[in-house]
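Colleague: I have the sequence and the fold open beside me, and I'd like to go through them with you. Could you take my questions one at a time?

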Amino acid sequence: MISVERREGFSLKISRVLRESVSHKLDVYLFVPGELGLNTEVMSENAFYHSAIHVKRTYFSDRIHLPLVLSRLARRGSLGSEQYRLSLSLYAYQYVAALERSSRELHDDKRDSERSDAQDASVEKLARIDELIELALDILKRLRRTKPEEESLLKYYQNIDNYLSWFTEQRLLSLVAHLSRDRHYREIKHRLLDICAAESEYREAQEYNSQRVTRDPTRMSNKMRLLRRLIEYPVTLKDKSQELGGGEQKAVKGLATAVVMVFVTLTLLQARQTLGDVTALFVLVLAVIYALREVFKDDLRNTLWRLLRKGRPKWRRQYYDAHSNQLVGRQLEWFDYQRYAKLDEAIKAARKRSITQREEVVLHYGSHSRMSPTRFLSGYEQTRETLVIDLSVLSRLMDKSSHHVYRHKDGQVVRETVEKRHLINLVTREVQGDGEPVIQRWKVVISRSKIVDIEAVDTPKPAASGAQR
């Protein structure tokens with residue numbers, strides 16, 4: 001299954017786990033309101049792909065303690081320092097990803113205000129927070145029991161322990177800031193603050209950060225961002241992207257030029273035979289022929305290129321293991337503007353488009369990958385793909401103006417300023433191996449300043465899957 005989250009600004013984070021199957025297909029459709037005026041003239045397909053679409057893959061394992069086991073082997077001398085760094089980074093990265101997802105779900109949980117039994121909702125949320133706290137403390141405790149003694153391994157451990165302590169504190173403080181002021185949450189807030197204070201004292205006791213860094217939030221944030229990159233580097237597959245069709249484009253250009261020159265030559269011979277000697281009329285006809293050549297040569301070339309590349313991948317991405325530099329997988333990618341009438345019936349059914357959305361612009365990103373689990377790091381047969389789509393280009397097309405809404409409240413008329421928002425529908429289709437397509441849909445509410453909300457929508461179960469690429 002695919003999960004969709006919002007990140008800072010206008011970024012949509014689409015995540016999925018690629019399991020043991022070696023073949024994976026993904027289609028992402030963005031249904032953009034036509035009133036924004038998005039088209040290939042405003043943002044070409046190549047420009048959108050390179051500026052707004054970012055793909056990253058990391059190792060993933062359901063056995064969350066496997067990296068910790070490997071790190072213990074490294075500590076005992078059974079594995080080298082590079083293997084220790086990789087194993088510990090895997091453990092930290094999976095913890096960070098899980099804590100981010102869990103805390104964000106608690107932030108976005110609106111059931112307290114929506115349900116009539118608000119007290120039951122509060123009890124349920126308190127139980128989820130308790131579970132989050134226990135898991136976080138248990139994972140940190142397990143990590144700190146594996147502190148190495150060798151100097152070559154100690155620096156990796158200290159960097160990761162420093163970041164995880166700070167990151168845990170930040171996520172818990174953020175959770176406190178978002179919790180309701182209701183009395184039901186008073187005790188849990190005190191507990192969260194006590195844990196944050198303990199983590200801060202722990203980092204100070206370990207002398208992980210200097211006093212100058214600790215006192216300056218900017219320097220602390222920049223240092224932790226660097227540590228985050230150091231953690232992610234060994235667990236992230238290196239990728240190399242290549243645009244396809246370079247040789248074909250040259251062949252099409254040559255073919256178009258040859259066809260036009262044949263037409264021009266035949267026309268010149270016919271004109272010379274008809275008009276005879278070189279005259280002013282012959283020169284005029286010659287000028288017209290060459291003008292037509294310049295006009296139709298580019299049109300013919302573009303037409304042939306579109307016909308040749310229609311439905312074919314535009315980019316190839318190759319993935320390499322960061323530790324061994326072995327090629328572990330390949331991926332073909334598409335990105336194009338599509339017409340609603342040309343979409344598969346399964347995608348149309350998931351969209352449930354009505355008359356009011358007839359002018360929607362459909363953006364399509366597709367990928368088809370084949371991975372080689374036998375070349376993965378020992379013990380890992382899965383990867384986690386993160387697709388980030390930057391929608392800031394759409395925000396620039398939105399109207400800056402706001403309007404007022406009047407409401408009757410407590411016997412008075414209240415005027416409120418309201419910003420204009422737009423609804424973007426996101427539909428995904430995922431196929432792993434020979435399995436059935438899984439289609440999901442989300443509603444993305446976006447304003448000129450940020451992504452306001454993301455809501456998952458139930459999709460109908462089609463009787464038969466749509467045509468696959």
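Colleague: Let's begin with E2 and E9: in which sense do they pair, and over how many bridges?
Modeller: Bearing in mind that this is a predicted model, strand E2 (residues 11-18) and strand E9 (residues 382-390) pair in the antiparallel sense, and the pairing runs over eight bridges. To give one of the partners, Val17 is bridged to Arg384 in E9.

Colleague: What is the strand order in the sheet they belong to?
Modeller: The order is E1-E2-E9-E4, an open sheet of four strands with antiparallel pairing. On average, and with direction ignored, neighbouring strands in this sheet are turned by 20 degrees against each other.

Colleague: And which strands stand at the edges?
Modeller: Those are strand E1 (3-6) and strand E4 (53-60), and because each has a single partner strand, one side of each is left without a neighbour in the sheet.

Colleague: Which strands does helix H1 touch where it packs on the sheet?
Modeller: Helix H1 (residues 45-52) touches E4 and E9, and its direction makes about 45 degrees with that of E4.

Colleague: Moving on, which residues touch the most other members in the largest nonpolar core?
Modeller: That core has 88 residues, and the ones touching the most other members are Leu12, Tyr163, Leu164, Leu363, Leu387, Leu391 and Leu426. Helix H6 (residues 151-178) gives the most to this core, contributing twelve residues.

Colleague: Take Leu363, then; what is it in contact with, sequence neighbours aside?
Modeller: Once neighbours within four places in sequence are set aside, Leu363 is in contact with Val28, Tyr29, Leu30, Val32, Leu38, Phe48, Phe335, Asp336 and Tyr337. Tyr29 also belongs to a second, separate core of ten residues, which includes Tyr340, Ala346 and Ala350 as well.

Colleague: Now Val96: is it buried or exposed?
Modeller: Val96, which sits in helix H3 (residues 81-108), is buried, because its relative accessible area is 2% and the cut-off for buried is under 20%. Apart from neighbours within four places in sequence, Val96 is in contact with Tyr163, Leu164, Phe167 and Arg228.

Colleague: How many residues apart along the chain are Val96 and Arg228?
Modeller: They are 132 residues apart along the chain, while their C-alpha atoms are separated by 9.5 Å. Arg228 is one of the buried residues of H9, a list that also includes Met220, Met224, Leu227 and Glu232.

Colleague: What caps the N-terminal end of H9?
Modeller: Asp216 does, with a side-chain oxygen lying 3.1 Å from the backbone nitrogen of Thr218. The helix itself, residues 217-235, has 19 residues and reaches 28 Å from its first C-alpha to its last, which is close to the 27 Å expected at 1.5 Å a residue.

Colleague: What about Glu199, is that one buried or exposed?
Modeller: Glu199 counts as buried, at 6% relative accessibility. It is found in helix H7 (residues 186-206), and, leaving aside neighbours within four places in sequence, Glu199 is in contact with Leu140, Arg144 and Ser165.

Colleague: Last topic: how many of the residues in E11 are buried?
Modeller: The count is zero among the eight residues of strand E11 (residues 412-419), so this strand is hardly covered. Strand E10 (residues 402-409) pairs with E11 in the antiparallel sense over eight bridges, and within that pairing His408 has Val413 of E11 as its bridge partner.

Colleague: And which residue in that hairpin takes a positive phi?
Modeller: That is Asp410, with a phi near 55 degrees, in the hairpin of E10 and E11, where two residues lie between the strands.

Conventions. Residues numbered from 1 in each chain as written. Predicted model: local features only at pLDDT ≥ 70, side-chain atom pairs only at ≥ 80, totals over all residues. Heavy atoms only, no water. Expected span 1.5 Å × (residues − 1). Buried < 20%, exposed > 50% of the residue type's maximum accessible area, 1.4 Å probe, protein only. Polar contact = N/O pair within 3.5 Å; in protein donor to acceptor, adjacent residues only side chain to side chain. Core = buried A, V, L, I, M, F, W, Y, C linked by side-chain atoms within 4.5 Å. Contact = heavy atoms within 4.5 Å. Pairing = 2+ DSSP bridges. Axes fitted to C-alpha atoms, helices over the stretch in contact; angles between N-to-C directions.
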